[in-house]
Structures are given as C-alpha cells and as structure tokens.
Amino acid sequence: MIALLCGLAVAAALLVWRGGGDPPQEAAPAAVAPAVTDTPLVSPQPLQGPAPTVQTPNAASAAATAAVPAAMIKPPPRPTNQAGPARSAFALSSDHQTLIHETVLAAADHERLEQEPRDDAWATEAERQIRQALARHARTGDFDVVAVDCRQTLCAIQAFSYGENGHREWVKAVDELYKETLADLFDSVNTAFPTRGSRSPVLTFLHRKPVAARP
C-alpha cells in the first residue's frame, strides 16, 4: 500500500514537470557556522627595550610661539667689551717722566691728555699753529722741541732747555707765544720745569678754549 502511494506521487511529479516550469531545484546547503574553540587569542609581543618617546609641544606654548611676530624675536646680545677706552700714550723721555712725578699739575694734565680721544680737525690745526709759532719766535732757537701732541681739549709741548736759566727763558717764550698767536685757541698755559740743571726738561700744557654754544 505504501509502495503504491509512493509510485502515484512520483507519477504526479513527472506529469507536473512535463507540463511546464523549471525543474525542481535542490535546496542550498545551510551555512555552517565556524567552529568555536576555547583557545585564547595570542596578542603580539612588545618590542624589546623601552618604548621610544615622542616629545610634542604643549598646545598653549605652541600657540603663544606662533603668535609672536618674527620682528619681535631678538637675536642674542653680542658680548660687549667691558674694558675702558684705549689709552693713547704721550711718550715721555726719562727726564720728563721724573719731572711730572714731581709736579702735581703736570701729572694731572698728562693723565688727562692720554685719556682723551683725538679731535682730528682741531688737533691737526692746533699742532700746526704751535709749530709755526715756535719756529718764528726768536727765543725758541735755544731749545730742542721734542714733540707737540694735541687731543681734544689739551695740547702738550715736550722740550729741553739749556743753561742755568734756560727753563725760565722757556716760560717767557711760551707766555709771549700765547699772548701773540695762541690766545685764540687756548685759555690757559701750564708749564713744568726743574729748579736746576744746565740741560732741563720742560713740559707745557695748553688748555683749549671752550667752544661757544650756537644759539
């Protein structure tokens, strides 16, 4: 009985397929889920040694730096020389060095002269006038003029006088030169000389007149 029913069912199916339509499709196999195991996942091992550090600027400091204009960023200050102004020595003979050590005013003028910078325009003209005045004066032929040096407010004449009264003759000659030709440039004269000796060092300092202020 069961076999008869199965045969009828197959026959009916064949009749239906012959009547049209697609042949019956086989059912797709159900998706098989991956097998789940109890084995834990293994994470990658860390590198040997300390991890490298990356320094990143702080957000606030980076913003502050970006806000500063390039013109406001000053270069580092250059080292400055702390030494005082260079001295330009007025060389003296050994006799003249002994003379200023014994004369307070001459020593002060000599120290000031060496500290002064040189006013080239004024000093060159003053030296020229002093030499011309010495060459023209009759009394100065008896003296040896060693040096004439002018700076900014002072001029110095280094010379030797001869004879027992030679130093006094030098003082008279310089006074006459001052009154005749040098009073336009200078307002005072200071001369150092020894009190004795047939060949005496003499040293004269002439002080520049103050420059009148322009109105």
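**Disulfide and helix pair**

Analyst: C150 is joined to C155 by a disulfide, with an S to S distance of 2.0 Å; a disulfide here is a pair of cysteine sulfur atoms within 2.5 Å. This is a predicted model, where local features need pLDDT of at least 70, side-chain atom pairs count only at pLDDT 80 or more, and totals for chains, interfaces and linings use all residues. Residues are numbered from 1 along each chain as its sequence is written, and side-chain values use heavy atoms, with hydrogens and water left out.

User: How many disulfides in the whole structure?

Analyst: The search finds one.

User: Which hand is the disulfide of C150 and C155?

Analyst: Right-handed, because the torsion about the S-S bond is about 115°.

User: Is C150 buried or exposed?

Analyst: C150 is buried, at a relative accessible area of 0%. C155 is also buried, at 0%. Buried means under 20% relative accessible area, exposed over 50%, and partly exposed in between (1.4 Å probe, protein chains only).

User: Now helices. At what angle do α5 and α6 cross?

Analyst: The axes of α5 (residues 120-136) and α6 (residues 166-182) cross at roughly 120° and come within 10 Å. Axes are lines fitted to C-alpha atoms, for helices over the stretch in contact, and angles run from 0 to 180 degrees between N-to-C directions. Helices are DSSP runs (H or I, at least four residues), numbered from the N terminus.

User: Which residues make the contact?

Analyst: From α5, Q129, I130, A133, L134 and R136; from α6, W170, L177, T181 and L182. Contact means heavy atoms within 4.5 Å.

Conventions:
Helices (H or I, at least four residues) and strands (E, at least two) are DSSP runs, numbered from the N terminus.
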